Amino acid sequence: MGKKQKRWVYSPPKPATPKVSEDLKTEVTAKANELIETILKPHYIQPPPENPQFNYIIDFYGKWYHSSFYFCAKYCVPGPNAIVPDFEAKFARMQYAGGNRFHLSFMRYTGQWVQLYSDLTIDECLVAIRDEPYFAF
């Protein structure tokens, strides 16, 4: 039985991700902050429990990283043995697709991003984040 020969395979370069303009970044940030302040914070942030045993949400915010906008939740870690006082968990990602369109994904419990929708407008993404059960806590 002979040894398997290695073969070269053509691997085309990945297409470049489109760049997000500063105007679009400003618009997305403003609309996302409005959703965070009017819907997410009043609905999901509760006063700290009297005898906290489990992590609880203390803040919501959004941030840009490369060509994606992330919605994040900040959790408090109570207890005397906590290694850190708080941590960040991303729960939604709007990935820029070009032409003022975004791909919308949620963070699965396994740590993998799952893309739900492709080529949505900003407003369609925000409505989905507000209404879809994938983004609920």
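Me: Which residues make the nonpolar surface patch of about 310 Å²?
Reply: Please keep in mind that this is a predicted model. The nonpolar patch of about 310 Å² is made by I83, V84 and F87.

Me: R93 has no salt bridge, so which side chain of opposite charge is nearest, and how far away is it?
Reply: R93 has its place in strand β3, and this residue is buried. Leaving aside its neighbours within four places in sequence, R93 is in contact with S68, F69, Y70, H103, L104, S105 and W113. A salt bridge would need a side-chain nitrogen within 4 Å of a carboxyl oxygen, whereas the nearest side chain of opposite charge to R93 is E88, 13 Å away.

Me: How far apart in sequence are the parts that the aromatic pair of Y70 and W113 ties together?
Reply: The structure holds 10 aromatic pairs. In the one formed by Y70 and W113, the rings are 5.7 Å apart from centre to centre, with 55° between the planes, and the pair is tilted. Because Y70 lies in strand β2 and W113 in strand β5 (residues 113-120), the pair ties together parts whose separation in sequence is 43 residues.

Me: Which residues do ring pairs link into a cluster?
Reply: A pair of aromatic rings is described by the distance of the centres and the angle of the planes. For rings to pair, their centres must lie within 6.5 Å. Such pairs link into a cluster the residues Y44, F60, W64, F69, F71 and F91.

Me: What is the phi value of D119, and what is the phi value of N100?
Reply: N100 lies in the loop between β3 and β4 (101-107) and, at 45% relative accessibility, counts as partly exposed. D119 lies in strand β5, and with a relative accessible area of 41% D119 is partly exposed. Each has a positive phi although it is a residue other than glycine: for D119 the value is near 55°, and for N100 it is near 60°.

Definitions and conventions:
Residues are numbered from 1 along each chain as its sequence is written. This is a predicted model: local features need pLDDT of at least 70, side-chain atom pairs count only at pLDDT 80 or more; totals for chains, interfaces and linings use all residues. Side-chain values use heavy atoms; hydrogens and water are left out. Patches are made of residues with over 30% relative accessible area and no salt bridge: like charges are joined within 9 Å, nonpolar side chains (Val, Leu, Ile, Met, Phe, Trp, Tyr) within 5 Å. Accessible areas come from the Shrake-Rupley method with a 1.4 Å probe; for residues, only the protein chains shown count as cover. Helices (H or I, at least four residues) and strands (E, at least two) are DSSP runs, numbered from the N terminus. Buried means under 20% relative accessible area, exposed over 50%, partly exposed in between (1.4 Å probe, protein chains only). Lys and Arg count as positive and Asp and Glu as negative; His and the chain ends are not counted. Contact means heavy atoms within 4.5 Å. Rings of Phe, Tyr and Trp (its six-membered ring) pair if their centres lie within 6.5 Å; planes under 30 degrees apart count as stacked, over 60 as edge-to-face and the rest as tilted.
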